[in-house]
Amino acid sequence: MDFRDTADEAEFRGTLRRWLETTLGPDWVSRPTFGGGFNEAESKAWSKQLYDAGYVGLTWPKEYGGGGAPHTYQGIFLEESARIGAPAHVGGIGLGMAGPTIIAWGTDEQKKRYLAPLLSGEEVWCQGFSEPGSGSDMGAAKTRAVLDGDEWVVNGQKVWSSWAHIADWCILVVRTDPDAEKHRGLSYLLVDMHSPGVEVRPLKQITGDPEFNEIFFTDVRVPRESMLGQPGEGWNVAMTTLLHERGTLGFSLTAGLEQSLNQIIKLAKQPGPDGQIAADDPVVRDQIAQLWVDLQALRFTNYRSLTALQKTGVPGPEGSVAKLHWSETNQRLTSLAQQLNGLAHQLDAEGGVWDGYWAYQQLRSRGNTIEAGTSEILRNIIAERVVGLPKSR
Amino acid sequence: MDFAFSDEQELLRASAKDYLADRFPAARIVELADSDAGWDSNTWKELADLGWLDPELGALEHAVLAEESGYTLLPAPWWSTIGLCGALLDSELRDGVAAGERRVSLAWAETDGPSSISGAANDSATSAEHGTITGTKVQVPDLGLATDVIVVANDGLYAVDVAANPETVIMRSTIDRTRRLGELVLSGTPARKLDAGLDALATARRNALALLACESVGVAQRALDEAASYTKERQQFGRIIGTYQGVSHRVSNTFVALQLARSMAYWAAWAVSAGSDDAEAAVSGAKVSAGEGAVFACEQSIQAHGGIGFTWEHILHRYYKRAQWNNGFEGSGRQHRAAIADKILA
């Protein structure tokens with residue numbers, strides 16, 4: 001056990017840090033905390049820069065355009081990105097979910113076709129798992145795919161799909177056999193989002209932002225070979241996706257939480273609405289220190305499950321711990337900001353605290369315990385698959 | 001970066017598990033805890049033979065042993081000797097410990113005087129002159145099992161042979177009967193000044209806290225295992241109670257607390273072993289996470305057991321009391337969060 005970087009890791013970290021500082025420029029760190037929304041062109045350009053420098057898909061096998069590096073390198077990449085507040089790669093769903101699933105289940109042609117543009121950010125992926133009638137209960141998915149000649153014809157509706165409005169491809173769970181027992185009737189398609197019959201409608205969240213979308217499929221024709229695994233294997237393929245979602249996500253979550261902790265420390269040290277410095281209040285100090293402990297515990301829990309990932313290639317179900325713990329910690333953190341800001345917390349633009357940064361963060365955090373597996377589902381997973389209690393249903 | 005114990009350390013864990021499971025099943029722990037002596041004095045020689053007292057062991061080996069001894073609630077002054085006093089022993093005591101002949105504890109607290117190990121000498125009314133020491137120390141861990149006590153006096157550290165001066169020892173009734181506290185009443189008692197100075201107390205405190213965090217992880221793991229095995233079997237209203245989410249989510253929350261505590265405890269053990277700059281913060285973080293985590297785990301487990309978990313007969317309360325012991329040692333979570341806040345809000 002050694003929590004320090006090896007000589008190679010330290011060299012990688014140093015090179016990366018210099019690259020980030022040079023590429024983002026000196027104005028980056030001193031930029032306003034909150035400003036501007038998502039800009040697709042900028043995000044894609046940044047993704048391409050990351051890709052050209054070799055920082056995307058660090059741990060993917062070299063044969064698929066990855067760096068072939070141990071998983072610790074991805075951890076270092078995310079730590080350093082968080083340190084400087086670097087923007088994320090545009091293809092989060094592709095990198096974290098679609099890509100690893102294609103590597104695990106895809107044919108050689110599929111790997112050749114999809115992985116390179118996914119890494120470079122030229123093609124953006126979204127996820128079509130949840131439906132209006134089946135959020136947590138994916139096995140109840142109703143979106144149908146019927147084989148017609150050499151094409152699957154897809155009809156149905158998906159929801160909570162991040163990035164669908166800019167996505168080129170969708171990993172889609174469909175029902176191909178309505179007569180089979182519910183999990184066995186599912187299949188896993190790779191769907192071109194530019195196909196006729198695909199309609200994306202933004203879904204406004206409590207923040208007012210249209211971050212998620214509904215996707216409607218009306219007689220969408222998908223080539224027969226655009227399936228991962230065999231018909232009826234969709235559930236197992238989707239489980240690979242979700243394991244990776246919850247497994248590798250941990251590092252991004254830690255990185256984000258570290259940035260948020262730095263922000264709340266900054267907030268607590270400036271005079272609040274009552275003119276007092278919150279950081280002088282022992283109750284606030286206690287809460288911020290607990291957040292620091294929660295962050296470190298998350299970090300080292302990730303590192304420990306990374307050791308498992310390194311050994312087996314698959315993140316263990318312990319990844320559920322990271323998501324569960326992160327989401328509740330982030331909610332406590334943003335609620336503390338709300339308390340510190342008082343009524344000024346209401347002002348969500350000019351005149352507000354940091355132009356409404358915290359109002360947005362606090363409202364957004366309520367989705368954290370719902371998206372990517374609700375806390376209730378994660379507690380079921382931990383009870384049943386990790387601790388080994390009998391199934392609740 | 002490497003976050004796993006080495007193969008050798010895992011072998012050490014496996015052999016510790018075997019020994020503890022063989023010699024200290026739950027019924028034996030109960031029997032020893034409720035006995036006057038509070039332990040089986042043959043244990044110390046066995047630990048020496050197994051290598052638990054080997055001065056060559058590092059902090060990570062100690063971490064593994066602490067976790068396993070917490071899981072079993074090993075009744076022996078191992079943590080007091082190795083965790084609390086390891087950094088303070090002179091060659092005479094070190095050799096005696098390694099041979100399985102000496103057992104050591106630390107006496108720092110005084111009524112109306114110091115309560116924390118760091119700075120314990122500052123307000124101490126305990127003083128030494130001409131090879132003797134005078135003063136009264138309270139809350140001395142495992143005092144009844146120690147052969148020697150390292151006493152913090154106002155000008156340094158002194159070793160007192162309590163085996164040769166049994167009249168100095170007054171045991172107090174302690175809720176955790178596997179790690180009892182006593183009072184040490186010194187009145188011109190022969191004492192030997194140690195080479196280690198008062199500044200070594202900071203190291204001793206860090207080591208003790210890191211190991212105790214690992215021990216708390218073992219306690220929490222046991223509380224979780226008890227909850228899991230009970231809720232897998234127990235039926236009410238015709239269903240296994242573990243299928244009720246009101247029960248199973250309590251178990252999940254315990255698992256989460258345990259994993260977080262384990263991560264922090266291992267970090268602290270590593271930071272101490274490597275002399276990392278983060279050691280002080282890591283140890284405080286581990287104190288918060290494992291100290292409070294073990295108490296939480298025991299409370300959740302007691303609740304999951306229902307009435308049986310509240311009985312003296314059930315093993316759980318023994319773990320609960322140890323969890324509270326560990327949580328109370330050298331400042332509870334509140335004080336360690338305050339220390340962390342001083343660092344991150346500076």
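Is Arg318(B) buried or exposed? Arg318(B) is buried, at a relative accessible area of 5%, where buried means under 20% relative accessible area, exposed over 50% and partly exposed in between (1.4 Å probe, protein chains only).

## Basis

This is a predicted model, in which local features need pLDDT of at least 70 and side-chain atom pairs count only at pLDDT 80 or more, while totals for chains, interfaces and linings use all residues. Residues are numbered from 1 along each chain as its sequence is written, chains are lettered from A and ligands numbered from 1 in the order in which they are written, and side-chain values use heavy atoms, with hydrogens and water left out.

Arg318(B) sits in helix H10 (residues 316–328) of chain B; helices (H or I, at least four residues) and strands (E, at least two) are DSSP runs, numbered from the N terminus. Leaving aside neighbours within four places in sequence, Arg318(B) is in contact (heavy atoms within 4.5 Å) with Val30(B), Ala33(B), Asp34(B), Leu73(B) and Trp312(B). Ile29(B) is 289 residues from Arg318(B) in sequence, with a C-alpha to C-alpha separation of 9.1 Å.

## Interface of chains A and B

The contact involves 45 residues of chain A and 43 residues of chain B. The two chains bury about 4200 Å² between them, 70% of it on carbon and sulfur atoms; buried area is the accessible area (1.4 Å probe) that two parts lose on being put together, summed over both. On the chain A side, Met1(A), Trp292(A) and Arg304(A) lose the most area to chain B, together 20% of what that side buries.

Two salt bridges cross the interface, a salt bridge being a side-chain nitrogen of Lys or Arg within 4 Å of a carboxyl oxygen of Asp or Glu. Arg285(A) forms a salt bridge with Asp342(B), with 2.8 Å between the closest N and O atoms.

## Nonpolar cores

A nonpolar core is a set of buried Ala, Val, Leu, Ile, Met, Phe, Trp, Tyr and Cys residues joined through side-chain atoms within 4.5 Å. The largest has 190 residues, of which Trp78(B), Leu106(B), Ile150(B) and Phe329(B) touch the most other members. Helix H7 (residues 200–233) of chain B gives the most to this core, 17 residues. Another core lies apart from it, with 18 residues, including Val154(A), Cys170(A), Val198(A) and Val222(A).

## Salt bridges within the chains

Over all chains the count is 51 salt bridges. Glu151(A) pairs with Arg221(A), the closest N and O atoms being 2.5 Å apart. Glu151(A) belongs to strand S3 (residues 151–158) of chain A and Arg221(A) to strand S7 (residues 212–223) of chain A, so the pair ties together parts 70 residues apart in sequence. Both are partly exposed, Glu151(A) at 30% relative accessibility and Arg221(A) at 37%.

In chain B, Arg179(B) and Glu215(B) meet in a salt bridge (2.7 Å, N to O). Arg179(B) lies in the loop between strand S6 (169–171) and strand S7 (181–190) of chain B and Glu215(B) in helix H7 of chain B, so this pair links parts 36 residues apart in sequence. Arg179(B) is buried at 3% relative accessible area, and Glu215(B) is buried at 2%.

## Positive phi values

Asp112(B) has a positive phi of about 60° although it is not a glycine. Asp112(B) is in the loop between strand S1 (104–107) and strand S2 (127–129) of chain B and is exposed, at 84% relative accessibility.
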